Amino acid sequence: MSLVRQIALISAGCQPWNLNVVDSTGSRFAYAATLAIYIYEWNPESNQFYLHSIMSEHKKTISAIAWNLKDKDILASSSTDFKICVWHVTKRKLLASLNTPHAIPVLMSWFPSDEDCLAYCDGKGPLYLWKYTEKNGRDGPVSHPLKEISAVSSNITQMSWHRSAPGRLALGHADGTISLYLQGKIYVLKIRCIDPKIYGSEGLSVIFLFAIR
């Protein structure tokens, strides 16, 4: 019989019902409770993580967070209040926000070929792109749907852009399939990875993350 030893503890409040509420970059990691994001940073002197900051702007449940691929100070969050926020962690400042009346964003991913561009969707499609630094006039910030990805046959549970080949995207679905897309072209490929009756949609999420990184 082997013994299990606790090596760390994350404070109460981290959501088990949303898929993308924990992320990390460099020496930091963040997790989303219902209405706030807790950011921790590694201290090499004490050899442990300490609470760096708490971000709170959303009025309803936070649905996803995503750390910028190049700038460790930029963190995005989305919520069931139909809103996306982009934060500067060190300055503890809200840099930009986007109202999304067309969808509640439950999945977000930064676009590798444009560090200021964020992709998001509500799980059903379409997929939207938002450049948070773009000036959009008096109507405020706007996002644009990707024509290559409209409604999908099965809910999207994970999405990931190819890190070294711009415009290539993989989507994991609740029915145990993965869809592969190439920006600017029509649908490319859909493959079945697991039987959702055996593993469930959570199983696909785990396999998907290991398969395309």
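These questions and answers concern a predicted model of one chain.

Reader: How many helices and strands does the secondary structure of the chain come to?
Author: The chain has 213 residues, and 46% of them are buried. Its secondary structure comes to 1 helix and 16 strands.

Reader: Which residue in β6 is the bridge partner of alanine 64?
Author: β5 pairs with β6 (residues 74–79) in the antiparallel sense, over 5 bridges. Within β6, the partner of alanine 64 is serine 78.

Reader: Valine 89 lies in a loop. Is valine 89 buried or exposed?
Author: The loop in question runs between β7 (83–88) and β8. Contacts of valine 89 beyond four places in sequence include Arg28, Trp67 and Asp73. Buried means under 20% relative accessible area. Valine 89 has 0% relative accessibility, so valine 89 counts as buried.

Reader: How far apart in space are valine 89 and leucine 75, C-alpha to C-alpha?
Author: Leu75 is among the contacts of valine 89. In sequence, valine 89 and leucine 75 are 14 residues apart. In space, their C-alpha separation is 7.0 Å.

Reader: Which residue forms a salt bridge with glutamate 41?
Author: The closest N and O atoms of the pair are 3.4 Å apart. Glutamate 41 sits in β3 (residues 37–43) and its partner in β2 (residues 28–32), so the pair ties together parts that are 13 residues apart in sequence. Glutamate 41 is buried at 13% relative accessibility. The partner is arginine 28.

Reader: Is arginine 28 buried or exposed?
Author: Salt bridges that share partners join Arg28, Glu41 and Asp73 into one network. The relative accessible area of arginine 28 is 6%. The cut-off for buried is under 20%, so arginine 28 is buried.

Reader: How many residues apart in sequence are the parts that glutamate 57 and lysine 83 tie together?
Author: These two form a salt bridge, with the closest N and O atoms 3.5 Å apart. Glutamate 57 is partly exposed at 28%, whereas lysine 83 counts as buried at 17%. Glutamate 57 lies in the loop between β4 (48–55) and β5, and lysine 83 in β7, so the parts tied together are 26 residues apart.

Reader: What is the N to O distance between lysine 131 and aspartate 114?
Author: Lysine 131 is in β11 and aspartate 114 in the loop between β9 (107–110) and β10, 17 residues apart. Lysine 131 is partly exposed at 27%, and aspartate 114 is partly exposed at 24%. Their side chains meet in a salt bridge, N to O, at 2.9 Å.

Reader: Which residue in the turn of the β10 and β11 hairpin has a positive phi?
Author: β10 (residues 117–121) and β11 (residues 128–131) run antiparallel, joined by 4 bridges. The hairpin has 6 residues between its strands. The phi in the turn is about 100 degrees, and the residue is glycine 123.

Reader: Which residue in β12 is the bridge partner of tyrosine 128?
Author: In β11, tyrosine 128 is also the bridge partner of tyrosine 120. Antiparallel β11 and β12 (residues 144–145) are joined by 2 bridges. In β12, the partner of tyrosine 128 is proline 145.

Conventions: Residues numbered from 1 in each chain as written. Predicted model: local features only at pLDDT ≥ 70, side-chain atom pairs only at ≥ 80, totals over all residues. Heavy atoms only, no water. Pairing = 2+ DSSP bridges. Buried < 20%, exposed > 50% of the residue type's maximum accessible area, 1.4 Å probe, protein only. Contact = heavy atoms within 4.5 Å. Salt bridge = Lys/Arg side-chain N within 4 Å of Asp/Glu carboxyl O.
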